[in-house]
Amino acid sequence: EEALIGYEYIISQSASRFTETSLSKASDIYFNKKGYQKALETYEKLEQSAEIKSNILKSIDGQMRCNYILKNNEEAKNAASRILMNDKVTSDQINFAHLIIAKSNYALGDIEAAKREFQIASRLSNDVIGAEAKYFVAQIDYEEGNFEEAEKTIFELIKQFSAYDYWVAKSFILLSDVYQKVDNSFQAKQTLQSIIDNYDGEDLKKIAQDKLKLIIEAEETEEVEEPKETGEN
């Protein structure tokens with residue numbers, strides 16, 4: 001807090017050799033404090049005054065992240081596109097920028113553009129970004145009724161990104177939805193049970209438990225409502 005007061009004082013004065021560093025430090029502090037609107041404004045000021053190329057890239061990257069968190073999807077997408085054009089960009093920044101473009105397009109309802117970017121991110125990245133991107137490719141296939149493609153993509157994700165338990169478990173939940181859509185409730189139940197038995201995170205485990213309960217209740221209701229066969233006397 002005391003550092004931020006000092007940086008803000010320098011920022012408020014006439015431009016000096018300390019201004020750029022102060023803007024860089026202050027923007028990071030605001031971001032880490034989750035003051036995303038103030039961080040966004042400070043990153044924008046940093047871009048306007050920065051002379052060091054790495055700080056220019058940092059400012060655009062910060063704007064992208066803040067705008068995405070603040071649900072300014074068009075602005076996030078534009079910042080991500082500018083990152084891709086920067087000659088100092090790293091491979092990690094490229095991968096994340098493609099993910100942000102994809103997620104922004106998805107939020108804006110441009111599903112086909114989102115899917116293209118998710119596919120790019122899933123091909124470029126072998127880490128958690130790739131796992132998340134691959135999941136959304138399967139999610140879009142599911143939403144569009146391409147259940148065979150969704151199933152194929154899920155199994156590719158499980159094989160390629162097995163180290164990322166969260167996205168593997170989330171994909172299994174999606175796979176159970178696919179099985180339900182193709183009237184394979186047995187496989188759906190088995191898939192959900194595997195999450196309940198093997199995944200440690202309570203968030204996704206709870207979702208799996210709730211979905212499994214609904215399937216079982218629906219099956220029991222069908223059994224009760226099914227008319228009994230009666231023989232002729």
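Tutor: Start with a term: buried means under 20% relative accessible area, exposed means over 50%, and partly exposed is in between (1.4 Å probe, protein chains only). Ser 14 has 65% relative accessibility, so Ser 14 counts as exposed. This is a predicted model, where local features need pLDDT of at least 70, side-chain atom pairs count only at pLDDT 80 or more, and totals for chains, interfaces and linings use all residues. Residues are numbered from 1 along each chain as its sequence is written, and side-chain values use heavy atoms, with hydrogens and water left out.

Student: Where is Ser 14 found?
Tutor: Ser 14 is in the loop between α1 (2-12) and α2. Helices here are DSSP runs (H or I, at least four residues), numbered from the N terminus. The C-alpha atoms of Ser 14 and Asn 95 are separated by 38 Å, with the two residues 81 apart along the chain.

Student: Which residues of α4 are buried?
Tutor: Among them are Asn 55, Leu 57, Asp 61, Met 64 and Cys 66. The cover over the buried residues of α4 includes α2 (19-32), α3 (36-49), α5 and α6 (91-108).

Student: What does Met 64 touch?
Tutor: Leaving out residues up to four places away in sequence, Met 64 touches Ala 76, Ala 79, Ala 80, Ile 83, Phe 96, Ala 97 and Ile 100. Contact means heavy atoms within 4.5 Å.

Student: How many residues does the largest nonpolar core have?
Tutor: The largest nonpolar core has 48 residues, and those with the most contacts inside it are Met 64, Ile 83 and Phe 118. Its largest share, nine residues, comes from helix α8 (residues 128-143). Another core of 11 residues lies apart from it, with Ile 11, Ala 26, Leu 46 and Cys 66 among its members. A nonpolar core is a set of buried Ala, Val, Leu, Ile, Met, Phe, Trp, Tyr and Cys residues joined through side-chain atoms within 4.5 Å.

Student: New topic. How many salt bridges are found?
Tutor: The whole structure has 12 salt bridges. A salt bridge is a side-chain nitrogen of Lys or Arg within 4 Å of a carboxyl oxygen of Asp or Glu. One of them joins Asp 61 and Arg 65 (2.6 Å, N to O).

Student: Why are Asp 61 and Arg 65 separated by about one helical turn?
Tutor: Because they are four residues apart in helix α4. An α-helix has 3.6 residues a turn, so residues three or four places apart point the same way. Asp 61 is buried, with a relative accessible area of 10%, while Arg 65 is partly exposed at 31%.

Student: And which residue meets Glu 132 in a salt bridge?
Tutor: Lys 103 does, at 2.6 Å, N to O. This pair links distant parts of the chain, with Glu 132 in helix α8 and Lys 103 in helix α6, 29 residues apart. Glu 132 and Lys 103 are both buried.

Student: Last one. What is phi of Lys 71?
Tutor: Phi of Lys 71 is near 65°, a positive value in a residue other than glycine. Most residues other than glycine have a negative phi. Lys 71 is in the loop between α4 and α5, and its 67% relative accessibility means that Lys 71 counts as exposed.

Note on methods. Helices (H or I, at least four residues) and strands (E, at least two) are DSSP runs, numbered from the N terminus.
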